[in-house]
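Please read the following note with the sequence and the model open beside it. Each numbered point takes up one topic.

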Amino acid sequence: MAGGQRLQRLNKSCILLIAIAGMERFAFKGVASNLVTYLTDVVNLSNSSAAKMVNGWVGFTSIMPLLVAPIADAYWHKYSTIMVSSFLYFVGLAALTTTALARSWHHRNRTMSSSFLSLSLYLISLGQGGYNPSLQAFGADQLGEEEELPCSKDDKCSNKKTIFFQWWYFGVCSGSLLGVTVMSYIQDTFGWVLGFAIPAISMILSILIFSGGSPIYLYKQHDDVLQAKKPLMNIFQAIKASALRCFHCEITLPNDKSEVVELELQEKPLCPENLESLKDLNKDSKSGMYLLANAKVMLKLLPIWTMLLMFAVIFQQPATFFTKQGMTMKRNIGADFKIPPATLQSAITLSIILLMPLYDKIFIPITQVITRQDKGISVMQRMGIGMVLSIIAMVIAALVEMRRLEIGRQMRSAGSQSETVPLSIFWLLPQYILLGISDIFTVVGMQEFFYGEVPRKMRTMGIALYTSVFGVGSFVSALLITLVEVYTSSKGIPSWFCDDMVEARLDNYYWLLAWLSAVSLLLYALLCKYYHKRSDSDSEY
């Protein structure tokens, strides 16, 4: 991926769209990465309430593409979807900035400010719901019709798509890195008004750049665009047609008893009023067959999608509990400068940017020798490796948290009331870096897997399936927090997410996530054994 020749294989429109995706991630991460700090320090929410609010918002944001993508695929062109949703995105960011400004001016009117805060956040979610999957699918379309995935049994022609997705993720991570590091520092140092205004400015600039690149884009139109107009509706019609055909026969006995009595199949429907609709459906019988097959493909993806949810739950921790964990640790560099805790999230994106080129240069050649496959490892194997690394990251996080709690309790026994322990925040770096490495394997693999496994006319839905993993994972994370709180309160013991970080037991929560993820990994491995990828003929639909 890192080689200059490979980068040159991507055309100008691909490179421009990758840069625009990076700008969007800068805007989003500039808000999301430090939002838990804003909610606890400015809005005055508790740790668990702030974590659940962030998880709920991120979950809604990530699941929105799954709701918007079918409408975009059926009724809108990707370009139009990107323009409309990006405008909503900007309005949400501008409203969020206005909320911070109003809160700084009118301290008493907190109720209205909090309501407006929620409204602005969910406006961002609505805009991103159409923006992200459409932009990525539109970017993949720039490679041309001949590069559709999968194009051969050995996947030789899919290399260009693989390179695109890796460079796309490289651009996304670059924007995320700037958003986490620069915006966290600005928000902690110069205030939240400026900290939210800059992402809004970045978003409006990305809209202008995107519209300026219109002449060089490839606007893909399939020959069978009429059949593709309403793919989900056609799937339901195909299911209806198959059900009707089950009754498209009648068993009768001949009236003449002298003849040999035998059963005949009369080619007339049980319900004559359905004859006209059946004729219309029969005209489209071939379309109905493969649309029904496409519905089966979507159902076939569901078990794999489900097993990836725990990976998504783990990825909610850096923006919530990892950040709160870092706030209680030694953050000084020199006499005056303190590291904003949210800045450590940049270790994830930085490790991706630095190590992703090594994936192609070192890891793939080694695996090619071992497996004797052109791609080294399959996409599903790639996702599995990332899941293993995420489990290791949670084990390390639990061990570091146990050490932090031990030091904190010793200080509390000595009479100190400070929550800050003399343990460097850099002890959190290994768990962040491991999550970054797991990202290289699983997240890039998920993008390629869901894009390649859905019908060609539903590629936006494929990208939405990938993002919805993290959306539902956020809701699962919020549900786990709620269940743990209910369990601890019923036992009469302090909550694992207690506001007093010396009394909190985040280590127990991390161990729980590690065990649940290990179970998901085992089930994922079993599913992979029996999963069959889409064939060449399937990719035509």
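1. Among the contacts in the protein chain that link residues at least 6 apart in sequence, 82% are between residues at least 24 apart. These contacts belong to a predicted model, and the text below should be read accordingly.

2. The protein chain contains 19 helices and six strands. Of its 541 residues, 53% are buried.

3. The accessible surface of the protein chain comes to about 24,300 Å². Carbon and sulfur atoms account for 65% of that area.

4. Which residues form a nonpolar patch on the surface? They are L350, L354, L355, L358, I362, I366, V369 and I370, and together they have about 750 Å² of accessible area. One of them, L358, is located in helix α15, which covers residues 346–371. Is L358 buried, partly exposed or exposed? Its relative accessible area is 37%; because buried means under 20% and exposed means over 50%, L358 counts as partly exposed.

5. Three cavities of 30 Å³ or more are present in the structure. The largest cavity holds about 850 Å³ of space. Its lining consists of 40 residues, and R25, F28, K29, Y466 and F470 are the ones that lie nearest its centre. The elements giving two or more residues to this lining are α2 (12–32), α4 (47–75), α6 (110–141), α7 (159–190), α15, α17 (429–453) and α18 (459–491).

Terms used:
Residues numbered from 1 in each chain as written. Predicted model: local features only at pLDDT ≥ 70, side-chain atom pairs only at ≥ 80, totals over all residues. Heavy atoms only, no water. Helix = DSSP H or I, 4+ residues; strand = E, 2+ residues; numbered from the N terminus. Buried < 20%, exposed > 50% of the residue type's maximum accessible area, 1.4 Å probe, protein only. Contact = heavy atoms within 4.5 Å. Areas by Shrake-Rupley, 256 points an atom, 1.4 Å probe, with all protein chains shown as cover. Patch = residues over 30% accessible without salt bridge, like charges linked within 9 Å, V, L, I, M, F, W, Y side chains within 5 Å. Salt bridge = Lys/Arg side-chain N within 4 Å of Asp/Glu carboxyl O. 1 Å grid on protein atoms, 1.4 Å probe; cavity = no way out; pocket = protein on both sides within 12 Å on 5 of 7 lines; lining within 4 Å. Points joined across faces, edges and corners; volume = space filled by probe spheres on them.
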